[in-house]
Amino acid sequence: METTTLLAVLLPLIVMTGIFVASFTIEPRRLFNGLLFNIWLIFAAATAALLILGSNNRLLIAVFATLFVIFMLVILAIFALHLLWLAWNAIVVWRREGHSLGNMLTLLLAVFLLLLEIGASFGRQFLPDPLYNGLAVLFTLSIGYVLVSLYNFLTVLVLYNLRPLKHNKDFLVVLGAGLINGDTVSPLLAARINAGIKFYRKEKTKGLHPKLVFSGGQGGDEKLPEGLAMQRYALTQGVPAEDTLIEDRSTTTLENMKFSKTLIDQNGGGSVAFFTNNYHLFRAGIYAKAAGLNANGKGAATSFYFLPNAVIREYLAMVMLHKRRHMIVFGLIALAALSTMGVQLL
């Protein structure tokens, strides 16, 4: 491939790379970064395809064509088996985590999709064509929009989790979660605390003196504030009490950030990082920004079986944060469905 042609092929990818890197570096806590990354991914795939085809190397072309076909087959298999996978995950979560509404999200999603597929298969027999076609447009566009926005959220969630966190912080905020039996740190919460302690110890080896801020108030079914229970857990892990602070008023993630910022300011201020579970990391970053806390975070690992429910919860929470935007889109989709019905009735 000639140099001029090579530059023409690479230039759009180079420009898109610069745009994404600049946006993510300036502010990683934006959903827009997911869109930019996915556009970059399309550019990268197209550029790779052009370079491979332009090489005229039959073996190379055959290898990558085979890999592409395998990738597409895996995607198709996931879509084909989605109901079985969701039902299996729901059973596992029920057995291990209990029967709360929050643990039923994959089951409810599986039931909804099953009913939708039954309706799509048999609805035409019972509904007039204009109504059936209008509903088909409504559900098809709505599900397509949800899948795109969910994929964008997953993208930015993964990117934010992969973002490295520099060991130069003065305060390490660990976000609270519910206590077992009202007074015992759960494995989920312990993972957050351990992530903060690991970061704290790494900084100590560098000669720094950070303070761990344990943030969490007392719920109606809890015997003590989460912040206090978290501090007690940290003390059993060898963290000195003088290196800890307790924020014990917050009941939401936004309050975690607001009240922790107040406590940090009262103790002289400084650079801050926060710690939570990986699925919760991006939304926590959004709330840190809303609270005026200039901090990014690090996510603790979560059991794989628990992630689908947790991620769906996070996605729904993000939808509520941007509900006006989504209401406008769904309104336009409803108009498109009504237009389809109107045209067929004429």
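The legends below describe an overview and several close-up views of one predicted model.

Residues are numbered from 1 along each chain as its sequence is written. In this predicted model, local features need pLDDT of at least 70 and side-chain atom pairs count only at pLDDT 80 or more, while totals for chains, interfaces and linings use all residues; side-chain values use heavy atoms, with hydrogens and water left out.

**Figure 1. Overview of the chain, with 12 helices and 7 strands.** Helices (H or I, at least four residues) and strands (E, at least two) are DSSP runs, numbered from the N terminus. The C-alpha trace spans about 70 × 60 × 35 Å along its principal axes. Of the 346 residues, 38% count as buried; buried means under 20% relative accessible area, exposed over 50%, and partly exposed in between (1.4 Å probe, protein chains only). The chain exposes about 19,400 Å², and carbon and sulfur atoms supply 69% of that area. Accessible areas come from the Shrake-Rupley method with a 1.4 Å probe, and for residues only the protein chains shown count as cover. Among contacts with a separation of 6 or more, 73% join residues 24 or more positions apart; contact means heavy atoms within 4.5 Å.

**Figure 2. The aromatic cluster of Phe-20, Phe-24, Phe-37 and Trp-40.** The structure holds 8 aromatic pairs. One of them is the stacked pair of Phe-20 and Phe-24, at 5.7 Å centre to centre with 20 degrees between the planes. Rings of Phe, Tyr and Trp (its six-membered ring) pair if their centres lie within 6.5 Å; planes under 30 degrees apart count as stacked, over 60 as edge-to-face and the rest as tilted. Because Phe-20 and Phe-24 are 4 residues apart in helix α1 (residues 3-26), about one helical turn separates them. An α-helix has 3.6 residues a turn, so residues three or four places apart point the same way. Phe-20 is buried at a relative accessible area of 12%, and Phe-24 is buried at 14%.

**Figure 3. Arg-249 over the ring of Phe-259.** Arg-249 lies over the face of this ring, at 3.9 Å from the ring centre. A charge sits over a ring if NZ of Lys or CZ of Arg is within 6 Å of the ring centre and within 35 degrees of the ring normal.

**Figure 4. Asn-181 in the loop between β2 (179-180) and β3 (184-185).** The phi of Asn-181 is near 55 degrees, a positive value in a residue other than glycine. Most residues other than glycine have a negative phi. Asn-181 counts as exposed, at 63% relative accessibility.

**Figure 5. Helix α8 (residues 226-236) and its cover.** The buried residues in this helix are Glu-226, Gly-227, Ala-229, Met-230, Gln-231 and Ala-234. Their cover includes the strands β1 (171-175), β2, β3, β4 (211-215) and β5 (244-247), together with helix α7 (187-205). Just after α8, Gly-238 has a positive phi of about 95 degrees.

**Figure 6. Ser-260 in helix α9 (residues 253-266).** Ser-260 counts as buried, with 0% relative accessibility. Leaving out residues up to four places away in sequence, Ser-260 touches Val-173, Val-213, Ser-215, Glu-247 and Glu-255.

**Figure 7. Thr-106 in helix α5 (residues 105-122).** Thr-106 is buried, at 0% relative accessibility. The residues that Thr-106 touches, not counting those up to four places away in sequence, are Leu-86, Asn-89, Ala-90, Pro-308, Asn-309 and Ile-312.

**Figure 8. Leu-293 in the loop between α10 (281-290) and β7 (295-300).** Leu-293 is buried, with a relative accessible area of 5%. Leu-293 and Met-257 stand 36 residues apart in sequence, and their C-alpha atoms are 6.9 Å apart in space. Met-257 is also among the residues that Leu-293 touches, with Arg-29, Lys-261, Val-272 and Ala-288, when residues up to four places away in sequence are not counted.

**Figure 9. Ala-49 in helix α2 (residues 32-54).** Ala-49 counts as partly exposed, at 35% relative accessibility. Ala-49 and Ile-61 are 12 residues apart in sequence, and the C-alpha to C-alpha distance between them is 8.8 Å.
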